[in-house]
Amino acid sequence: MKTSIATVSLSGDLRDKLGAIAKAGFDGVEIFENDFLVFDESPKQLGRMVRDFGLEITLFQPFRDFEGMPEPLRSRTFDRAERKFDLMQDMGTDLVLVCSNVSSAALGGLDRAAADFHELGERAAKRGLRVGYEALAWGRHIHDHRDAWEIVRRADHANIGLILDSFHTLARKIDVNSIRSIPKEKIFIIQLADAPKIGMDLLYWSRHFRNMPGEGELPVEAFMAAVAETGYDGYLSLEIFNDQFRGGSPAAIAADGYRSLVYLGDRVRRANPGLSVNVPDMPDRSRVDGVAFVEFAVDETEAPALETMISTLGFHRDARHKTKKVTVFRQGDVRLVVNADDRGFASSSYLVHGTSAYAMGLLVEDAWAARARAIALGAEAFKQPLDRGEIEMPAVRGVGGGIIYLLDRSTDLARIWDIEFDPIEDGAGTRDAGLQTIDHLAQTMPYDELLTWLLFYTAIFDAGKTPMVDIVDPSGLVRSQAIENSEGSLRITMNGAENRNTVAGRFITETFGSGIQHLAFTTDDIFATAGALAANGFAALEISPNYYDDLEARFGLDPALTEKLQSHNILYDRDEHGEYFQLYSPTYREGFFFEIVQRKGYRGYGAANAIFRIAALRRHLRPMGMPRA
Ligand SMILES: O=C(O)c1ccc(O)c(O)c1
Ligand SMILES: [Mg+2]
C-alpha cells in the first residue's frame, strides 16, 4: 500500500507539513496549489525539499474550471494549463488533478468535455505528464464519478485518467459497485476522506468537515473494497479539508492519517480475503472482556484521603504489592489499585498531574497480540523496569499519556494478583455496597483530541462508536462520544471540552492534561447500594429538587418512585430498551468523581441528566485561580 496525504490536510507552512508527513510514515504528498502559492521557495526547490524528506509528489492540484468552456475562455484555459505543466515539471511531478467545472460559463455535454480532455492529453503527453479528472459533488454539469469516467473513456487518451475521491462519491450516495468495472490503469489516483453525517450544503460539508477514514460515518471501507476489486495498487491519498485539523498539530494529524490508512487497509483485507491489499500483517482487533483494574497514582500523604473515599464506596483492602507501595482494593469484580510508590511511572505521573487514575487494565484474549496490533497501528509502547519477581504486563500509552495495560486469561498475567501481591485482611470494615463491575470509564480531553482517540480505540479494539452528543455545561459545550462493544464489556465515554471553564475543561487545566475523570460502577440494586453507601458515610452528590419535579412530569413516574430517587439523589433516564439509574460522588481533588449505575436494559449514558450532574458538580469546584486547600 502506497500512502499519500494532501498538504491541505495539515496546519503550518509547507516545511512543517512535509516534516510531519514524512515522520508519520507516508510515501508521498499531494501539493495543494495554495500551499505552494504562499510558499517562498521556487518550484524546483520545493521539489528538492520533498525528495530530501524521502517523499514523492503524488499529485499537483487542483486545476479548476477547465472542461466545456466556450471561446475565448477555452483558449485561455489551455494557456493556463500549460503554465501549470511548467510548474509541475519544475517540482517533479507528472500528475495533475482537474476537478469538474463549477463555472456558470461552462457548457455541458460529455463529448465536448471529452474532446477538451483529448486535446489536454495531447499537450500533457508531449511533456510526459498525466491528467486525472475528478467529479466534484457540486460540479456544474459533472458531479458523479460515473459521468467523469464516461468523459475519460470517450477522451480515449493514455495520458487522461480518472481520479476517485471517496467524499464526492459517498456524499452523493453513489453506488460504489460502479467502480468495480473501471480498468485499474485508468484510475490515476485514489483520494480518501470520511465525514460525519450532517445535513448541509455539499460544498460546505466537504470543505470544513471531512475527517480521516474511520473517524466519520461514511462507508469508506465499501468504497475502498470496490477500488481494490479493480486491482488498483497505486497511491491512497488522504485529502482532508477540516478547519480543526488545519488549526491542530501537523504531527498529530499526520499520525492519525497514517493510522487511518493502515487500519482501512487491514479492514478491507479482512473483509475481502480474495483481494490483495498490501498492508503489514497484524493480529485482528481484540475483543475486550472487561476492565480488569484501574490504577491511581498518589503519594503517601494523598493516599489516605483517596483510600477513605474508596472504602466508603464499599471496597475492601485486598492485597499489597510484595515490593512496592501499592494496594489493591476490591469489590465484586472491580479492582482499584492505589499506587503510592515513589519510583516509576506512577510517581512521575503523580508529580505532573496530581492524584489521578493514570492507568487502566483491559482484559483481552491475547494481551501480547493486542499490544502487537496497537504498535502496528502506531501506538507508543510502554515499558518500565521490573522489580525481581514481577512479570511484564504489555502496555501502550493512551489518552493524556496514561497507560493502557493489557491482561489475558491464558498467560501468567491471569495470576498477576497472586504472583506480585500478598493478601491482606482488611480491618477497616466498611460495608460492601454491591458494586459489581466497571460500567464505563470517562476520559476528558480537549475537543480537538476526540477524533484521535476515537480512531485509536476503534482501530485497536473490537468496538464501535456512538453518535456524538452535546452536553451543555453552564460554562460551555462539551461533546461526548462513547466507544463500546456489543456485549457492553468495554465502554469508554470520551468528553471533549471546547473551553477551560466547563467542569471538563477545568479538569484538564487542573490536572495538566487529559485523563480519566470519572469511573462508573454497576450495581443490580441501586437503592440497596445507596443505603449501604450512606451507612459507610458516603455523601452522594446533591441533586436539585427541581430535577425530580421535572422528571416525574417528563416520564409520568409514580410519585413514590420519585420520592425514593430524590431521597438518595439518584438520577433516572429511560430509552426504548429500558431504565437507567445513576448516583454520583462529589468531585475529589482536581475534579475526579465516581458514578454508580444500574442498567435495566438501557443502552446509553444518561446524557439527558448530564446538565443536572454538571450543575451539582460545579458547586464543589473551588473558585478559579484559588490555590489548593
Ligand atoms: O473543494 C474543492 O474545491 C476541491 C478541490 C480539489 C479536490 O480534489 C476536492 O476533492 C475538492
Ligand atoms: Mg478530491
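Q: Which residue takes a positive phi in the hairpin of β14 and β15?
A: Gly-400, with a phi near 60°. Five residues lie between the two strands of that hairpin. Strands here are DSSP E runs of at least two residues, and helices are H or I runs of at least four, numbered from the N terminus.

Q: Before we go on, what kind of model is this, and how do I read the numbering?
A: This is a predicted model: local features need pLDDT of at least 70, side-chain atom pairs count only at pLDDT 80 or more, and totals for chains, interfaces and linings use all residues. Residues are numbered from 1 along each chain as its sequence is written, while chains are lettered from A and ligands numbered from 1 in the order in which they are written.

Q: Which way does β13 run against β15, parallel or antiparallel?
A: Parallel, with five bridges joining β13 (residues 356-364) to β15. Met-360 stands opposite Ile-404 there.

Q: How many residues of β15 are buried?
A: Five of its five, across residues 403-407. Buried means 20 or more other C-beta atoms within 10 Å of the residue's own; 12 or fewer is exposed, and in between is partly exposed, with C-beta atoms placed from the backbone. Both faces of β15 are covered. Ile-403, Tyr-405 and Leu-407 sit on one side, with Ile-404 and Leu-406 on the other.

Q: New topic. Which residues does the UniProt "binding site" annotation cover?
A: His-440, His-518 and Glu-595, according to an unreviewed entry. They are spread over 156 residues of sequence but cluster in space, with a largest C-alpha distance of 9.3 Å. UniProt positions are given in the numbering used here, feature names are shortened, and annotations may be inferred rather than shown by experiment.

Q: Why does His-518 count as buried?
A: Because 24 other C-beta atoms lie within 10 Å. His-518 is in strand β22, residues 515-522. Leaving out residues up to four places away in sequence, His-518 touches Ala-442, Phe-592, Phe-593, Phe-594 and Glu-595. Contact means C-beta atoms, placed from the backbone, within 7 Å.

Q: And where is Glu-595?
A: In strand β25, residues 593-600. Glu-595 is buried too, with 20 other C-beta atoms within 10 Å. Beyond its neighbours within four places in sequence, Glu-595 contacts His-518, Ala-520, Gln-582 and Tyr-584.

Q: What do the eight strands β1 to β8 form?
A: A barrel, closed in the order β1-β2-β3-β4-β5-β6-β7-β8, with parallel pairing. Neighbouring strands are turned by 30° against each other on average, direction ignored. Three bridges join β5 (residues 130-134) to β6 (residues 160-165). In that pair, Val-131 stands opposite Ile-160.

Q: Which strands does helix α4 lie across?
A: β2, β3 and β4. α4 covers residues 73-91 and runs at about 165° to β3. Helix α6 (residues 145-155) lies across β5 and β6, at about 170° to β6. Axes are lines fitted to C-alpha atoms, for helices over the stretch in contact, and angles run from 0 to 180 degrees between N-to-C directions.

Q: Last one: how many helices and strands does the chain have?
A: 21 helices and 25 strands. Of the 629 residues, 48% count as buried.

How values were computed
Pairing = 2+ DSSP bridges. Contact = placed C-beta atoms within 7 Å.
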